[in-house]
Amino acid sequence: MIQPILPDHEARVAVIAPAGCVPEEKQEVIARGEEVLRAYGVIPVMYPSCYARYGYLGGSDTLRANDIMDAFLDPAIDGIFCLRGGYGVQRLLDKLDFDAIARHPKWFAGYSDITALHMVLNERCHMVTYHTPMPTTELVNGLDAYSQTYLKKAMFGGCIGPLPSAGPTETLRSGKAKGRLCGGNLSLVSSSLGTPYEPDTKGTILFLEDVGEAPYRIDGMINHLRLAGKLEHCAGIVMGYYTDCEPESSVMRLRQIFDDLLPTSVPAFMGYTCGHSRPTMSLPLGAQVEIDADKGLFCVI
């Protein structure tokens, strides 16, 4: 795997919107996000999709796909930050030239709907990519010290060794495991099944998180992965944040769903500090990692 990092001085970072658009009434957050990136020590280069709107998308499929390709192929660009999540990345996958991208590997970051790109860049382009906060969502609202520390490590090459959870974790299945880290947003991983872009999870540490999904929806998506054979051959499973997914009125708790559906022989734990909430870890997807499910430990090796 190639693990690109950003230069520690005046890195030029393309900012693209491959998923959703910034609502018209909130356009000022784009300029604020640009300022925040400058404060992190990089030079943001804003691409057309950042300002475009096509319904709920950051421009037409052609515009967004072109921005992705242009950002990877431009030799003056050191890395790529996705502006925000939302919806729409899966519409672009068959419009991208992954062979060309593989010949021009770059630091790439985002999360949520960006999971669809992470999975393909990891597998087809053999690139480590980063599950990080994004410029017009978390960054403009300010990050806590934990989230800032690990975002900077991800940006400038310090994302190795222990990546500790900021809060308590719960063991689902005992044991230790090593493997390539894959996954991201549960909804995107699940909806990729049956397409040419579904992940190969055999021998991997599978990370899953989500936001705003009812417990029965979480149940259905994890069961979909189970029936598709995506869980039983994992080396390990890590469940991150499930933000606003478990209302007080829930009659089925997430812990019960995980206990029912995860394979009994695969080390797994839940509650790891990463997902649609703060504080949040910046994870190197595609990197080799090891976990200790009994202690809730996560380490890049």
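In what order do the strands of the open sheet stand, and what is the pairing? Let's take a tour through this predicted model, where local features need pLDDT of at least 70, side-chain atom pairs count only at pLDDT 80 or more, and totals for chains, interfaces and linings use all residues. Residues are numbered from 1 along each chain as its sequence is written, and side-chain values use heavy atoms, with hydrogens and water left out.

**View 1. The open sheet has eight strands and mixed pairing.** The order is β6-β14-β13-β8-β9-β10-β11-β7. Helices (H or I, at least four residues) and strands (E, at least two) are DSSP runs, numbered from the N terminus. Two strands pair if DSSP finds at least two bridges between them. Strands of a sheet pair through backbone hydrogen bonds, either parallel or antiparallel. Here, β9 and β10 (residues 236-243) pair in the parallel sense over six bridges. In one of these strands, β10, isoleucine 237 is the bridge partner of leucine 206.

**View 2. Valine 211 belongs to strand β9 (residues 205-211).** Valine 211 is partly exposed, as its relative accessible area is 29%. Here buried means under 20% relative accessible area, exposed over 50%, and partly exposed in between (1.4 Å probe, protein chains only). Not counting residues up to four places away in sequence, valine 211 touches Thr243, Cys245 and His276; contact means heavy atoms within 4.5 Å. Glycine 275 is 64 residues from valine 211 in sequence, yet their C-alpha atoms are 8.0 Å apart in space.

**View 3. Serine 112 sits in the loop between β4 and α4 (115-124).** Serine 112 is buried, with a relative accessible area of 12%. Its side chain and that of histidine 276 are joined by a polar contact of 2.9 Å. A polar contact is a pair of N or O atoms within 3.5 Å; within protein, one must be able to donate a hydrogen and the other to accept it, and residues adjacent in sequence count only if both atoms are side-chain atoms. Leaving aside neighbours within four places in sequence, serine 112 is in contact with Asn185, Leu188 and His276.

View 4. Tyr146, Ser147, Tyr150, Leu151, Ala154 and Met155 are buried in α5. Among the elements covering them are β2 (42-46) and β3 (79-82). At the start of α5, a side-chain oxygen of aspartate 144 reaches to within 3.2 Å of the backbone nitrogen of tyrosine 146. After α5 comes glycine 157, with a positive phi near 95°.

**View 5. The structure holds zero disulfides.** A disulfide is a covalent bond between the sulfur atoms of two cysteines; the cut-off used here is a pair of cysteine sulfur atoms within 2.5 Å. The sulfur of cysteine 82 is 9.4 Å from the closest cysteine sulfur, in cysteine 50, so the two are too far for a bond. Cysteine 82 is buried, with a relative accessible area of 0%.

**View 6. Aspartate 244 has a positive phi of about 55° although it is not a glycine.** Aspartate 244 lies in the loop between β10 and α8 (254-261). With a relative accessible area of 66%, aspartate 244 is exposed.
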